[in-house]
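I opened the notebook to look up the charged side chains.

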Amino acid sequence: MKIFLGEKANDLFKDEKFLEAWDRLLGLCPWATVFQSKEFVLTWYTIYNKYTPILLTDWDGYKLNGLFTLTINNKGEITAAGTNQAEYQVWLSTTEDSYFILKSSLKLIKRVFPNKPFVLKYLPPRSPVEQFNKESKWKKEVILKTHLQPLMVSNEKLLAQELKKKNRKEKVNRLKRKGSLNFAVISTIDEFLKIFDDLIIQSDFRKGAMYDKVTFQYEIERKDFLIRLFELGLLHVSILKLDDEIIASNAGIAGKEMVHLQGINSHSPFYAKYSPGILHFLMLGIELGKSGIEYFDLTPGGVKGYKEILSNCSQVAYEFKYLSPIKVKKELLNEAIKDKLKSLFEGLLKQNYQSFKIAQQFQNGKKKYNLLSKKGLKFFEFDGMNRVFSSRSKTYLTLSSIGKEGLQKVFKFSENKMADLLNFDESLGIITRKEFLFDCMKRIELGHSFFCLMSGNSLCAVLWYIPTNVSLGELSSPQGKSLNTGVMAFSYYQSQYLSVTHCLLYSVIKKVDVPFPVQLQLCSSQTKLKNHLKLRLNV
């Protein structure tokens, strides 16, 4: 095995004989996936050119028996080309040469990069790693973990039956009563480019709310990478539409026998109560079966949530780490401590289940109902129940007396535009981006409408309108019931734009036809909630 770094690797990528040999080896390797194909790897190296190519191979100009395409990730680890976008990371070889190729590669990596860990997550099923469990010498330097890889077999009859179950059938019918419901596969680049930005917004919004990851906002290469994969025929894209609105989607990297849940998937929070993501995945499975693709890979990491609902088959994938003996001992010790604590916790949980359940409900309630106020978010509301909030000093400003002329030149108002919510500025320190987006997502799912005040790309304020008899979330009355009149609330605003937030309020009141005069109450507070605002409605 030889190593080619940087430009030397790029020179080898221009060798037609080498590329032909790469294709042949890919076809001979039983555990190879699309993530080891030259199309995927070379496209990633080209677009993500900030990463240095590291190529391990025994290529001698005529014959290729082993190939490892690697790089150094942002953590300083040696890993596969594609990093977190390569769902499966493995070397290419024949079965006969597999152990020799991997063993030689590890020795070479240790010699050239003595202080860098070598991590592969995940090795695909059928990867020949048994030798590392058999030989004691590897246990000092190798950690090998197993992970469940859930799959959805593209069985048309079985998946059609799942769609016909009472709960799902009701949701489909309710959507159809709202408009024309259609599943579609995107087959041309023009169609894909037309919808791609909408898919990105839906994906980043949900992942930002759930995991604080707005990948496309910061990783500018990812969009170009997926577009190029689509052009190469390696990206399977499907959508579920209600009239002209996309309510769910999946753009998954596709091999010959399966489509992987790796790329981008999304669903609209405006239709969350209909479970559009689950409906779309089931329809996708039926479509894959019709087109001869056997599996939809739900990716390793266990079977929880929607994966538990969708998976009807599973395999075992692996996580492979090649570290120094000291790091191996340290990691194994940490894992042992975690397992012990988990075991103790589960034991206590069984003994004190009822107490734990009550405590959990309290914590969930605290998170739900005090999410915005706990870090000093400037927050205010008004309703038709004449609930007046106490304050030490009050100033009233009649909205109808405020002119809006000239404001449109500097500010703009938008309605239910998730892209504007993604412009939230976490650096202001009011609340974290994850908390803000999570709150917004839950409000949208409850049926709240939102209006944004924007100055260029800066999000200045977010005003919510909660219609009559819609659940109020953390704004609910003490009895936990929805109010019998509309409610408005600013969940966010920047203090420097305080003088124009009332104009957004006035515009929204006119838009939703609130039939009564409104006054803005500016409250000065000596607490952490400085310049805390609340609104009082005079009927």
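I count a salt bridge when a side-chain nitrogen of Lys or Arg lies within 4 Å of a carboxyl oxygen of Asp or Glu. The model is predicted. By that criterion I find 17 salt bridges in the structure.

Entry: Asp23 and Lys38. I looked up this pair and found a salt bridge, with the closest N and O atoms 2.5 Å apart. Asp23 sits in helix H2 (residues 16-28) and Lys38 in helix H3 (residues 38-47), so the bridge ties together parts 15 residues apart in sequence. I then checked cover. Asp23 is partly exposed, at 34% relative accessibility. Lys38 has 16% relative accessibility and counts as buried. I also note a network of salt bridges that links Asp23, Lys38 and Glu39.

Entry: helix H10. Which residue does Glu231 meet in a salt bridge? I find Arg228, at 3.5 Å from N to O. Glu231 and Arg228 are three residues apart in helix H10 (residues 221-231), so about one helical turn separates them. Glu231 is partly exposed, with a relative accessible area of 47%. Arg228 is partly exposed too, at 36% relative accessibility.

Entry: Arg222 and Glu219. Their side chains form a salt bridge, 3.2 Å from N to O. Are the two buried or exposed? I find both Arg222 and Glu219 buried.

Entry: surface charge. I see a patch of positive charge on the surface, made by Lys75, Lys121, Lys207 and Lys213. I followed up one of them. Lys121 belongs to strand S6 (residues 118-123). Its relative accessibility is 39%, so I log Lys121 as partly exposed.

Note on methods:
Residues are numbered from 1 along each chain as its sequence is written. This is a predicted model: local features need pLDDT of at least 70, side-chain atom pairs count only at pLDDT 80 or more; totals for chains, interfaces and linings use all residues. Side-chain values use heavy atoms; hydrogens and water are left out. Patches are made of residues with over 30% relative accessible area and no salt bridge: like charges are joined within 9 Å, nonpolar side chains (Val, Leu, Ile, Met, Phe, Trp, Tyr) within 5 Å. Accessible areas come from the Shrake-Rupley method with a 1.4 Å probe; for residues, only the protein chains shown count as cover. Lys and Arg count as positive and Asp and Glu as negative; His and the chain ends are not counted. The place of a charge is taken as NZ of Lys, CZ of Arg, CG of Asp or CD of Glu. Helices (H or I, at least four residues) and strands (E, at least two) are DSSP runs, numbered from the N terminus. Buried means under 20% relative accessible area, exposed over 50%, partly exposed in between (1.4 Å probe, protein chains only).
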